[in-house]
Structures are given as structure tokens and as C-alpha cells.
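Please find below a colleague's note on the structure shown here.

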Amino acid sequence: MKRLFTGLQPSGTLHIGNYFGALKPFVDVYEDYESHIMVADLHALTSLRDPQALRQNIIDVVKDYIGVGIDTEKAILFKQSDVQEHTELAWIFECLVTVPFLSQAHAYKDKVAKGIEANAGLFNYPMLMASDILLYDTDIVPVGEDQRQHIEYAREAVTKFNNAYGETFVAPQEMILKGVGIIPGTDGQKMSKSYKNTIPLFGTKDEITKAVMSIVTDSSGERPENVYAIHKLFRTESELDTLYTENAGKYKNLKDALVEDIEAMVAPMRERRDSVSDADVVTILKKWSEKAREQASKKMSVVREKIGIAL
Ligand code: TYM
């Protein structure tokens, strides 16, 4: 069975960009593979310094996965920090790639350009992500378009390592949901927790309404493009054409319709999510972290041997 791996940072509330960019395609295919789902808590440390919030976010993200339809009997759902081999392997990759190479990473450059602190963790981020993926001999990585380059970086880590030490790692392929690409936020740029332009997936109806009403509309064009770009995730183009023609210029009506469409999709998921307790989450993570650790430690024994640190 081929192996699939994906990850999500517990750095805030899940938004519809995460859902359509990564979770939905993942839910659609994960049962066809041996699937790993990782809570990227160490990656979250690049931007989050509130222990209580981090703890809560970890719990929440697992509930989110279950809410969107992941069966925790069928996927290895674990926490990155429970498997120390991830940071160990990241260090080894960092010793193989160059500073100019890492400084070309879009995610890093975009954040720096927006004035977000460029800590060394953020800079090395792609190599920790490479180790997440490569430790499990992953074949396929379902992610949003924004993560495409990170998968290329993981392939570069494979090449660098295999060239230096011999065939050890498998080159992974990204799987990006067709037609979705980068989902815009309420201000039209990429929907992202760090840009504060998100529409929450599991928010209450009031929270979803508030976010939708804050979508920036530009009256110069024929239709409010920022609203339309999000709306097309929920309805076919022909349905939208009718709706947007009938409501030309009536932005409030269009936003109301978008709220209703989001709510119709989210309500059953919210119900499933609410049925999971914090204690359930702890049990699930404990069980699967043991399994992941077992797999990762096997791979690291090979790596340690190859690089010459196993005596
Ligand atoms: P993160 O937590 O930022 O996002 C989780 C997933 O959601 C997708 N996504 C989007 N897709 C389309 N449009 C958007 N606006 C949007 N926002 C988020 C992301 O592409 C991602 O798939 N580095 C990763 C976490 C990670 C990971 C991994 C992923 C760590 N290790 C190994 C895959 C494999 C990240 O920050 O995702």
C-alpha cells in the first residue's frame, strides 16, 4: 500500500482555506493509502508562544480532523513532538542544504516581507517539514498550493542525502486539489492565520457571518470578486452566474447567500466534532504516536548508520 502523509499546524482556528486546500482532498483519498496525519506542533512554535493556546490548539486540530470526516481507526493521527526523530533528521538535512537555498523559500520570504519575525526556526522550517515527510517513506503529500514548494524542498533533501550517503529516501510527490489552488481570504490575498483574513470552518454561525460580512468588496467590477472567489467553492459556476446576475450590486444579499452555503456544509461537521472529548483526543494521539515512533525509529537507525554516527 502506498503511503500518504499530511500535516497541519495547530496555530489557530481551522479555516476554509485549510479545508478546501488540504483537508477535503485528504478526506477524499486517505483510505486508499497508509495514511499519516501529523499535528505540526513544533512548526507552530515558529509563530506561537502561548503554551495554553498551543495546548488547546493541539486538542482542537485533532477534533477538527475528526469533524471533517477522518476515521481515527483508519489513519495514523499523531503529534510531531511525540516523535523526536523529526528534529534529529531535520538537523541532518540542515547540514546538507545551503543558506541561499533556504532563503529562497516563499513561505519564509512572504512572512519576512510582512514584517513577521524571521526566527531561525522559520528559516529552517522546510527541513523540518522534509523530515516529517521523508521519515515515513511517503509517496504522496496532499497539501494546498502554498505548500508546493515545501515538497520540492523535501525532494531536494532526498537528492542531497542520497547523493552524499547512498539511496536512502524516497522522493515524495505533492497532491494538489485541482481547481482549488490558493484560496483567498476576506481581503483577497491568500487566506492565512498569520494574515488575519480567515473564515473559520467550525465557527458559530455568528462568527462565520461576521467574517463573511468583512470580505472586502470592490464596486468597480461587475461582481464582488472576493465574495465570488470564495462562493465558487460551494456552488457550480452556472448556479453562481444566476445568483450573481439576479443580485447584481446587492452585496449584502450575496454575502447572506454565502453564509447560508457555508453553514449548510459545516453544520453536520460541527456536530461530529462536538461529539469528541479532550480525553478522547489524548487517547488517540498516544496510541498513534507510539506507532509513528516505531516507524520513525526504524528509519533513523538506517540514517544513523549511513551518516556514520552509529558506532
Ligand atoms: P498549514 O497549517 O499552514 O496549512 C495546512 C494545510 O492547509 C493548506 N492551506 C491552504 N490551501 C489553500 N489555500 C489556502 N489559503 C490555504 N491555507 C492553508 C496548506 O497548504 C496545508 O496543506 N507546513 C504545513 C504543515 C506541515 C506539513 C508537513 C504538511 C508540517 N509538516 C508535512 C504536509 C506534510 C503548514 O504550515 O500547513
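**Note on helix packing and strand pairing**

1. In this predicted model, helix 3 passes helix 12 in a right-handed crossing. Helix 3 covers residues 51–67 and helix 12 covers residues 251–274; their axes come within 8 Å and cross at roughly 130°. The two helices are therefore oblique to each other.

2. Which residues of helix 3 and helix 12 meet? On the side of helix 3 they are D60, K63, D64, I66 and G67, and on the side of helix 12 they are M269, R272 and R273. Sorted by class, this contact of helix 3 with helix 12 comprises five charged, two nonpolar and one polar residues.

3. Helix 4 (residues 85–94) packs against helix 7 (residues 120–134) with the axes 8 Å apart and at an angle of about 120°. Helix 4 is therefore oblique to helix 7. The crossing of this pair, helix 4 and helix 7, is right-handed.

4. Helix 4 contributes H86, T87, L89, A90, F93 and E94 to the contact with helix 7, and helix 7 contributes N124, M127, L128, A130, S131, D132 and L134. By class, seven residues in the contact of helix 4 with helix 7 are nonpolar, four are polar and two are charged.

5. Helix 4 also crosses helix 13 (residues 278–307), at roughly 30°, and the axes of these two helices come within 10 Å. Angles under 35 degrees count as roughly parallel, so helix 4 is roughly parallel to helix 13. Helix 4 passes helix 13 in a left-handed crossing.

6. Where do helix 4 and helix 13 meet? E85, E88, L89 and I92 of helix 4 meet R293, A296, S297, M300, V303, R304 and I307 of helix 13. The contact of helix 4 with helix 13 has six nonpolar, four charged and one polar residues. L89 of helix 4 takes part in this contact with helix 13 and also in the contact with helix 7.

7. Turning to the strands, in which sense do strand 1 and strand 2 pair? Strand 1 (residues 3–8) and strand 2 (residues 34–39) are paired in the parallel sense, over six bridges. Within this pairing, L4 stands opposite S35 of strand 2.

Notes
Residues are numbered from 1 along each chain as its sequence is written. This is a predicted model: local features need pLDDT of at least 70, side-chain atom pairs count only at pLDDT 80 or more; totals for chains, interfaces and linings use all residues. Side-chain values use heavy atoms; hydrogens and water are left out. Axes are lines fitted to C-alpha atoms, for helices over the stretch in contact, and angles run from 0 to 180 degrees between N-to-C directions. Helices (H or I, at least four residues) and strands (E, at least two) are DSSP runs, numbered from the N terminus. Angles under 35 degrees count as roughly parallel, over 145 as roughly antiparallel, 65 to 115 as roughly perpendicular and the rest as oblique. A crossing is left-handed if the near helix is turned anticlockwise from the far one by less than a right angle, and right-handed if clockwise. Contact means heavy atoms within 4.5 Å. Ala, Val, Leu, Ile, Met, Phe, Trp, Tyr, Cys and Pro count as nonpolar, Asp, Glu, Lys and Arg as charged, and the others, Gly among them, as polar. Two strands pair if DSSP finds at least two bridges between them.
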